[in-house]
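Hi everyone, thanks for making time for this one. Have a look at the sequence and the model while I talk, and stop me whenever you like.

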Amino acid sequence: MDKDYMLNYENTFKDFEEGEIIEGTIINIKDDYVFVDIGYKSEGIVPLNEFKSECNIGDKIKVMFLGKQDLNGFQILSKAKADRILGFNAINQAFKEGKPVKGIIKASIKGGFLVDVDSFVAFLPGSLVDLSKKRNFDYYIGKEYEFKVINIDEQKKNVILSRKQLLEEIADKKRSDLIDKIKVGDIVTGKVKNIVDYGVFVDLGGVDGFVHITDISWKKILNPREVLKPQDEIKAKVMRIEEKDDKKRIFLSIKHLSADPWEETKIKEGDIVEGKISNIVDYGVFIELEEGIEGLVHNSEISWVKFPKEAKEELSIGQTIKAKVLMVDTLKKKIALSIKRLEPEPWSDIKEKFHVGDVVEGVITGIKDFGVFVKIDEGIEGLIHTNELSWSPEERPSLTISQKIKAKIIDINLEKKKIALSLRQLEPDPWSLIEGKYKVGDVIEGVVTGVKDFGVFVKIEKGVESLIPKSELNNITVNKDEKVKIKIIRLEIPRRKMISRLM
């Protein structure tokens, strides 16, 4: 065989460099090796264990030329090394184009996971595996996901992935697309995501909407948790969409799915209405008259007689009650009610019924530090001031609620709707009975009723006391309830005043 023929024969074979990735065809599978025709002087072999899936004769594969031969003269090739380089190149290209890659999480290691992406092993930090990481890493092992390539070191052939970032971008895109579709006036469906004191956040399918507490119901609600709970499915109307810091906020209303009851109510001034007490506050009582419509009974309109605090003690939330409509303002959504005006004004004919000086009989309705309230007629109460209970503070009577007593009318104030009563004036003033009985210079006996810094009080007889000033005690110490002799040194009956000296 001449030299020219041999040279031409040699030239029909390709030349490869060590580390070059080439394509070949499987021509045989024997024992633990795969034989590959790479168009070289000799065939190549690849260990069978480098194939992750089944291979067949005739399959075209890519391998790395290692530039080495085995003992039988076959070229040693590597499919695993070729796959790793090709996988890295594919990942690098996806990184440059901003595209996601698909891979299988193979194992968990310290700080994260190993992910097989086209036969290249990349690192996935544990904090970036999900939007809300599960406590058990084993949950992710063996599962295939898409990932975003967030960092590549081409020299060291290192790749860092993030599934969380990709999920966030997908969610943002979905959210943005959904927000662009939602328009003011739309009726949307969602699930209650979170409840706060001032309203409810609703998941509309990747986008959050917010329902303020005042937009939950036409009826006044003190706490959203009264009517809604997490995961409740609701319908709502889009009221407005606000854009702030490149983010859109969707405001919803549940109550606007139905007509405003204030626009349809037929309640008018003068009507007698019935409803349930929905709330009791410092300044009055709220009554629910219709779904979403409440009226207020101010404290001053609860009772003709009783003080607001006392009148409200007889009312309770949930109680059904009647009231008269005093005012309706549909624009301000206010209704003023009155309970007391269901009955005639009891003071309208007071002049004909009662006069100063009359002795009346009534029932005690209240006992206060400043006096005693007595009901003397339906809707009419009088007050016996503490000073009018007895001529002598030491001899005030023991009184109880609901006790029947007689009293004398000593004043009627129509403008302030007040009647002053007196218990003590049912009897003569003791001071009017002692005129002529005592005079200055008389020495009399009495009982000490009070010891003060400025002097001592001595009871002379029922309803009559004398004061011994400190200067007139002659440096003598006396005690309460002690019998003493005194000398009258000044007497002013019109002023109900007697001054004495201790003897």
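Let's begin with D116, which forms a salt bridge with K52; the closest N and O atoms are 2.9 Å apart. Please keep in mind that this is a predicted model. The pair links distant parts of the chain: D116 belongs to strand β7, residues 112–117, while K52 sits in the loop between β3 and β4, and 64 residues separate the two. Is D116 buried or exposed? With 15% relative accessibility, D116 counts as buried, because the cut-off for buried is under 20%. K52, on the other hand, is exposed, with a relative accessible area of 61%.

D130 and R163 meet through their side chains in a salt bridge, at 3.4 Å from N to O. This pair, too, links distant parts of the chain: D130 is in the loop between β8 and β9, R163 is in helix α3, residues 163–181, and they are 33 residues apart. Both D130 and R163 are buried.

Next comes E472, which forms a salt bridge with R501, and here the closest N and O atoms are 2.6 Å apart. E472 lies in the loop between β28 and β29 and R501 in strand β30, residues 497–502, so the pair ties together parts that are 29 residues apart in sequence. E472 is buried, at a relative accessible area of 17%, whereas R501 is partly exposed, at 29%. There is also a network: R490, E492 and R495 are joined into one by salt bridges that share partners.

Now to the backbone. Most residues other than glycine have a negative phi. Which way does phi go at D31? D31 has a positive value, near 55°. You can find D31 in the loop between β1 and β2, and with 65% relative accessibility it counts as exposed. S402 also has a positive phi, near 75°. Look for S402 in the loop between β23, residues 380–385, and β24, residues 404–413. At 54% relative accessibility S402 counts as exposed, because the cut-off for exposed is over 50%.

What makes up the nonpolar surface patch of about 230 Å²? I29, L48 and I57 do. Of these, I29 is placed in strand β1, residues 21–30, and counts as partly exposed at 32% relative accessibility.

K62 is in strand β4, residues 60–69, and is partly exposed, with a relative accessible area of 42%.

Last stop, a pocket. Rolling a probe the size of a water molecule over the atoms shows where empty space is left. The second largest pocket has a volume of about 530 Å³. Its lining has 20 residues, and those nearest the centre are S303, W304, E343, E378 and G379. What is the lining of this pocket like, by residue type? It divides into 10 nonpolar residues, seven charged and three polar.

That's my tour, and I'm happy to take questions.

Technical notes
Residues numbered from 1 in each chain as written. Predicted model: local features only at pLDDT ≥ 70, side-chain atom pairs only at ≥ 80, totals over all residues. Heavy atoms only, no water. Patch = residues over 30% accessible without salt bridge, like charges linked within 9 Å, V, L, I, M, F, W, Y side chains within 5 Å. Areas by Shrake-Rupley, 256 points an atom, 1.4 Å probe, with all protein chains shown as cover. Salt bridge = Lys/Arg side-chain N within 4 Å of Asp/Glu carboxyl O. Helix = DSSP H or I, 4+ residues; strand = E, 2+ residues; numbered from the N terminus. Buried < 20%, exposed > 50% of the residue type's maximum accessible area, 1.4 Å probe, protein only. 1 Å grid on protein atoms, 1.4 Å probe; cavity = no way out; pocket = protein on both sides within 12 Å on 5 of 7 lines; lining within 4 Å. Points joined across faces, edges and corners; volume = space filled by probe spheres on them. Nonpolar A, V, L, I, M, F, W, Y, C, P; charged D, E, K, R; others polar.
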